[in-house]
Amino acid sequence: MTDFGAPGQTTAPHELPALRRALLEWFDASGRELPWRAGPEGGRDPYRVWVAEILLQQTQVARGLGYYERFLDAFPDVHALAAAPEAEVLKAWEGCGYYARARNLRRAAQIVAAQGFPGSSEGWLALPGVGPYTAAAISSLAHGEAKAVNDGNVRRVLSRLSAQPAPTERWVQARADALLDPARPGAWNEALMDLGATVCTPRAPRCGLCPLAAFCAARASGDPAAYPAPKVRAAVQERRAVALLIGDAQEAVLERRTGRLLGGLMGLPAEEVGAGESPRQALERLCARLHVQAGPLLGQVVHTMTHRRIVLEVVRGHALPAARLSAQPVAKAALSRLDQKALALVAQRQDSLFVL
DNA sequence: AAGACGGGGCA
DNA sequence: TGCCCAGTCTT
């Protein structure tokens, strides 16, 4: 059932054909040309669509483009991806964030390499890293299945169309399902997302260019940017940590991170400063674990992520005889921006030593 | 139903 | 500085 409830205006059923026509005509004339859009409408290459959809999760298209090129170059088909070591896949993903996407994509590729590509959205949904959005996107684009996507663009466009300030997931999905053009589901989904990305933007929507302006309740309200209302977000929490640089900016001792945060990436050996603990105590713990002698403080790095702010003290370390450590080429390892900043600290310091 | 999970772009 | 981005998984 569809919930056309208050407070939003609704799209009257008799307007639906005109609305669909307006958006699809706009899309056919003004839709974006993107590398993963090669091939027939509703019959795209599933691997290319899949990689693009994973890459674009919480990632803007402009940023995804470069990674897409790089990733497909490294792993041209699902078999190449399935056969690749995780470290290589993460290296191709380096800097893109949300690294679980890369780990899940590789794991799913191994399933697909063994069993073949799924043929329906339910099949896609069963793969790791594929949720409701991605399953609907791939099945509509590659198989022509009539599944409506629900992403940030769709949420914003539909919120505005109905002047619904606080749309729930259920509401958005129901509206998206009702509007979906069953004759061209893939094009419809792309059209809605293109509209959200290029015209119905979060701030300063360009209503003068919008093919749906005549249908839009938020536009009629005079303040379209007010829809949807901003989400409340958790405050960023600050964490402190200490790291050891053993080696230099080119060759250093690196550890593989295993937690949820930056899991699978390499980085300088580090310990978090616990609650009620001093950085010195964390450093002693770190040195004891690695059998390393601490040298001078090299500097401090501050790195802000969406959900946390990390203050990292970087200390030079010297391996003691008991240590079993080996430096490795930094350029070969997949590093987070945090560790890249920490290493940049030393590179700069070497420069300044020349000046001295 | 909430949190956790990266990083960059833009006003 | 704050908000957002072709979301998903875990608790």
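What follows is a walk through the domains, DNA surroundings and helix contacts of this predicted model. Residues count from 1 along each chain as its sequence is written, while chains are lettered from A and ligands numbered from 1 in the order in which they are written. Since the model is predicted, local features need pLDDT of at least 70 and side-chain atom pairs count only at pLDDT 80 or more, whereas totals for chains, interfaces and linings use all residues.

Chain A is split into domain 1 (13-226) and domain 2 (237-355), with bounds that come from an automatic or database domain assignment. The C-alpha centres of the two domains sit 38 Å apart. Nine residues from domain 1 and seven residues from domain 2 make up the contact, where two residues touch if their C-beta atoms, placed from the backbone, lie within 7 Å. On the domain 1 side, α5 (86-93) and α6 (100-115) each bring at least two residues, and α5 has the largest share with four residues. Helices here are DSSP runs (H or I, at least four residues) and strands likewise (E, at least two), numbered from the N terminus. By class, that side of domain 1 holds four nonpolar, one polar and four charged residues; Ala, Val, Leu, Ile, Met, Phe, Trp, Tyr, Cys and Pro count as nonpolar, Asp, Glu, Lys and Arg as charged, and the others, Gly among them, as polar.

Tyr 98, in the loop between α5 and α6, has a positive phi of about 45 degrees despite not being a glycine. Pro 228 belongs to the loop between α12 (217-221) and β1 (237-245), and a cis peptide bond with omega of about -15 degrees joins Tyr 227 to Pro 228.

Now for the DNA. Around DNA strand C there are 32 residues, of which Leu 56, Gly 131, Thr 134, Asp 151 and Gly 152 are the closest; a residue is near a strand if its C-beta atom, placed from the backbone, lies within 6 Å of it. Two or more residues of this surface come from each of α2 (46-55), α8 (132-143), α9 (152-161) and α11 (185-198), and α11 gives the most, with five residues. The surface near DNA strand C has 13 nonpolar, 12 polar and seven charged residues. DNA strand B has 20 residues around it, with Gly 97, Arg 260, Leu 261, Thr 306 and Ser 336 coming nearest. Its surface divides into seven nonpolar, nine polar and four charged residues.

An unreviewed UniProt entry annotates residues 55-198 as "domain: HhH-GPD"; positions follow the numbering used here, feature names are shortened, and annotations may be inferred rather than shown by experiment. This span is 67% helix and 0% strand, and its end C-alpha atoms lie 19 Å apart.

The axes of α9 and α10 (residues 169-179) come within 10 Å and cross at roughly 85 degrees, the axes being lines fitted to C-alpha atoms, for helices over the stretch in contact, with angles from 0 to 180 degrees between N-to-C directions. That makes α9 and α10 roughly perpendicular, a label for angles of 65 to 115 degrees (under 35 is roughly parallel, over 145 roughly antiparallel and the rest oblique). Val 154, Arg 155 and Leu 158 of α9 meet Val 172, Arg 175 and Ala 176 of α10, giving four nonpolar, no polar and two charged residues.

In the other pair, α1 (residues 16-30) packs with α11 at about 80 degrees, their axes 9 Å apart, so α1 and α11 are roughly perpendicular too. From α1 come Leu 23, Leu 24 and Phe 27, while α11 supplies Ala 187, Trp 188, Glu 190, Ala 191, Asp 194 and Leu 195. These residues divide into seven nonpolar, no polar and two charged.
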